[in-house]
Amino acid sequence: MTRECAVLLPGVCAALADPRQPGLDDTCLEKLLDWFRSLTWFDPTVELVQDNPCLTELLSSVLALADPSPGILSFTLQLAGILASSESRFQHLQQEKLLGRLFGPEGPRGGAAWEEASVRSAWLKGVHSMLHHLPALHCLCSTGGMDVIFTLQGDPSLFVASAASQLLVHMLTFSLESETPKALSTKDCDWPGCAQMIVKHIKESLQSSSASHIEQSLKLLSSLFGSCFGSCYAAWTEALWLDIAKQIESFLLEETVQAQPLLANLLLNVARSPAFCGTEGSFWALVTSALEHLTPVQAGPLAVGLLKLCKCPQDVRIQALTVLLQPMDCILRAASQPLECAGLLDESVSDPATVESLLSSKTSCAGLLCQTLTHLEKLLSLKHLRVDLPCVSLLHSLLTILQFCNGFLSPTSPLGSTISRNLINCFRVQKSALDVLAALSEKKECDTLIGNLFDVLLAYLQSPNTSPTVLKKTFQATSKWLVHLQELSSSNSQWPQTEKILEDVLVVLQKRLCSPCWEVRDSSLEFLTSMVKCLRDHKEFRQCLLSSEVLRLTENLLEDPESYVRASAVTAVGHLAPIACFAPESPVTGNQYNKESIVAKLQEILSTDSEGFPRRAVISIFTTWLREGCTGQLEDTEHFVSRVIQTVEHDLDWEVRLGGLELVEVFCSQTICQLSQCPYAPVSSAVPSSTPQKELLQVFCQAKLFGFLFGSLCDCDKPVGQRACDVLVGLRGHFYPMSTLENPQEIEDSPAGRGIAWLQRTLRQGSLAQNFPVDGDVGVDFQDPESMMLALGAIDLLELHDELNKSSDHVEESPQSLLQDILAAVGTIEDNEVDCY
């Protein structure tokens with residue numbers, strides 16, 4: 001603790017203990033607790049409380065209050081726990097007889113304040129902080145604290161109940177770490193003292209007739225097995241499991257038990273433990289039983305979790321996959337007569353009638369399918385899935401679901417008709433099914449159904465009943481499958497469907513680009529951009545695109561009344577331009593999509609659009625063009641960059657200015673590569689007067705880069721200044737590769753040197769950019785190569801870089817500032833002494 005803080009602390013403690021003072025803001029109290037946590041973490045000695053007696057006086061004063069406020073009492077409980085986190089400070093506070101009065105029977109837990117959930121929560125937090133040494137653990141166990149924690153497990157406040165559960169997990173783990181156990185067996189007496197109390201409580205609760213007690217213990221067990229206890233204490237984990245396995249099995253078989261929904265999470269956390277990584281044993285038999293007896297909704301999360309485990313036995317893994325596929329199998333069977341489609345599965349894990357019943361119900365059909373589809377999407381995203389998914393049948397089932405949802409399929413079976421009625425226009429299921437459909441595009445074995453697939457996708461794209469959110473998902477799935485279609489077409493030149501599908505998609509896209517709904521126009525433009533990024537190298541796509549109306553319609557949307565659409569149109573036009581007007585081959589005759597027109601329109605948006613989104617999109621596209629070499633020869637590029645940065649340096653949107661700096665960085669990198677003798681390394685000579693160096697500086701000065709960069713250093717938005725400094729540091733590294741920097745004192749006598757010295761002082765003061773001289777004022781000529789060479793060599797850019805990268809709260813949120821704010825809030829110091837943040 002600093003001397004300044006030690007001086008302020010007594011006043012703060014006195015104010016906190018004074019009942020006449022108004023209550024402090026909870027944020028201040030939390031920050032004060034955070035400060036004490038950091039102090040005690042780095043210094044476990046007793047000196048903190050001995051050298052600052054005001055801390056123990058604060059605890060005593062709050063205890064002496066007849067009716068302390070819940071806020072101050074909660075703060076005091078947590079502070080006492082933090083201070084008692086080391087054994088030496090614990091013993092000191094015990095000698096002062098403070099801990100018993102705070103955490104023992106005579107403390108708040110026996111009074112009216114205990115009715116406040118915040119006080120009960122603070123008591124648990126204080127105990128949790130304190131339990132880092134055995135004296136605290138033994139003290140708690142001997143004063144009835146364990147019973148309090150067990151009771152708080154069922155607290156009506158979820159925050160309190162959760163804190164109690166977390167505390168018990170910590171106590172069991174700490175007990176095993178700290179108390180020396182005897183030889184391990186499954187008998188209760190072999191557990192260390194505190195751990196034995198917790199295990200006994202769990203077993204008794206599981207065997208009780210109270211559903212709430214059973215639920216609390218199952219939640220606690222899930223937390224235990226899911227914590228470091230389950231992963232670091234394999235022997236104890238196995239011993240605990242053997243104590244409760246029979247009871248867990250009975251819950252599975254008793255279908256009326258309300259605890260069943262919690263069993264899946266418990267079994268999954270146990271399965272993740274190293275104690276059960278082998279394929280033998282009764283545990284996996286119990287998991288198999290759970291997959292059979294839990295409902296499909298309860299078994300789904302367990303099944304997908306098991307499929308992600310590396311060491312799950314293969315027979316269990318196959319059974320878990322079967323559970324997930326059962327609803328999809330039922331959909332396939334319901335869509336046609338049984339003999340026409342065999343479905344996905346040869347046999348089911350549980351009774352198929354259960355799944356059929358859920359899908360037949362209007363209330364449960366969508367929920368079960370959405371859960372199943374979400375799990376399948378997670379599995380398809382895994383790089384290494386240790387079971388084979390029947391992708392073709394799964395795709396067939398997905399297409400059936402999508403056809404059910406839009407009413408394009410009339411099943412012949414009674415079950416199919418019922419499911420179809422349940423799913424009609426069900427947006428939730430449509431979105432989930434389209435997500436899985438997109439994920440399946442990575443699977444090559446689905447090629448046989450690609451024609452049917454695009455029939456369904458096009459039906460959704462064309463239908464006026466498709467909602468904007470479902471349409472967006474349809475576009476995303478279509479984009480992924482078009483990429484797959486092009487790959488298929490490239491490997492098989494006889495594939496006849498590619499061009500027809502592309503034409504159909506572009507016809508639908510033209511219609512959607514004219515939609516009265518702005519969300520649809522926006523999604524259509526995003527889809528177009530995605531297609532261009534992925535397919536622009538494919539000849540068939542370019543031909544279909546250039547012969548359609550898509551380019552004209554997209555350019556028209558640059559003037560859309562909705563700013564989001566204008567921004568998406570800018571991005572789409574920017575990615576279309578390399579195909580339509582920057583490419584060597586001539587555009588289609590009659591197409592007005594030319595380079596000069598597009599550049600002019602985008603520059604107009606950058607300088608005049610009233611919304612930030614389109615302007616950000618323009619600067620991003622210009623940077624992309626520059627990276628891809630679409631802006632012409634060096635002279636053209638220099639003029640282009642200069643014009644852009646003169647526009648963006650006055651933009652009110654800091655993200656646009658930041659985009660301008662990214663453009664400058666790309667331009668500098670490319671220009672250095674073009675003009676330097678070695679394009680991939682800094683120049684070998686430290687002499688700054690070589691021809692390439694002069695030419696580089698000349699180009700940068702003519703493009704007016706330095707005025708923009710040095711002005712940006714003083715930008716009122718820190719990310720802009722940081723990026724500008726990064727660019728300048730990079731340039732200095734090129735022009736001064738051997739750290740042969742200029743001596744500011746030696747150059748200050750010249751007129752240019754005096755200007756550079758002024759510039760250094762101004763940058764240190766952090767003057768705002770709008771007051772920054774850029775036209776040669778005070779002798780700084782940002783377009784003079786020699787002056788800029790001096791500036792790069794003389795100004796301490798690294799010091800400036802460190803200042804810009806300091807956290808903005810490195811002064812304001814210091815402990816001293818916090819203490820001053822608290823004193824100001826209670827009116828004990830003058831306003832001008834406060835450093836409020």
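Author: Accessible areas here come from the Shrake-Rupley method with a 1.4 Å probe; for residues, only the protein chains shown count as cover. By that method the protein chain exposes about 37,800 Å², and carbon and sulfur atoms supply 51% of it. This is a predicted model: local features need pLDDT of at least 70, side-chain atom pairs count only at pLDDT 80 or more, and totals for chains, interfaces and linings use all residues. Residues are numbered from 1 along each chain as its sequence is written, and side-chain values use heavy atoms, with hydrogens and water left out.

Reader: Why is Ser 420 called buried?

Author: Buried means under 20% relative accessible area (exposed is over 50%, partly exposed in between; 1.4 Å probe, protein chains only). Ser 420 has 10%, so Ser 420 counts as buried. Across the 837 residues of the protein chain, 53% are buried.

Reader: What is Ser 420 in contact with, leaving aside neighbours within four places in sequence?

Author: Contact means heavy atoms within 4.5 Å. Ser 420 is in contact with Phe 404, Leu 409 and Pro 411, with those neighbours left aside.

Reader: What makes a set of residues a nonpolar core?

Author: The members are buried Ala, Val, Leu, Ile, Met, Phe, Trp, Tyr and Cys residues, joined through side-chain atoms within 4.5 Å. The largest such core has 278 residues; Phe 700 is one of those that touch the most other members. Helix H19 (residues 314–335) gives the most to this core, with eleven residues.

Reader: How are helices told apart from strands?

Author: Both are DSSP runs, numbered from the N terminus: helices are H or I, at least four residues, and strands are E, at least two. The protein chain has 43 helices and zero strands.
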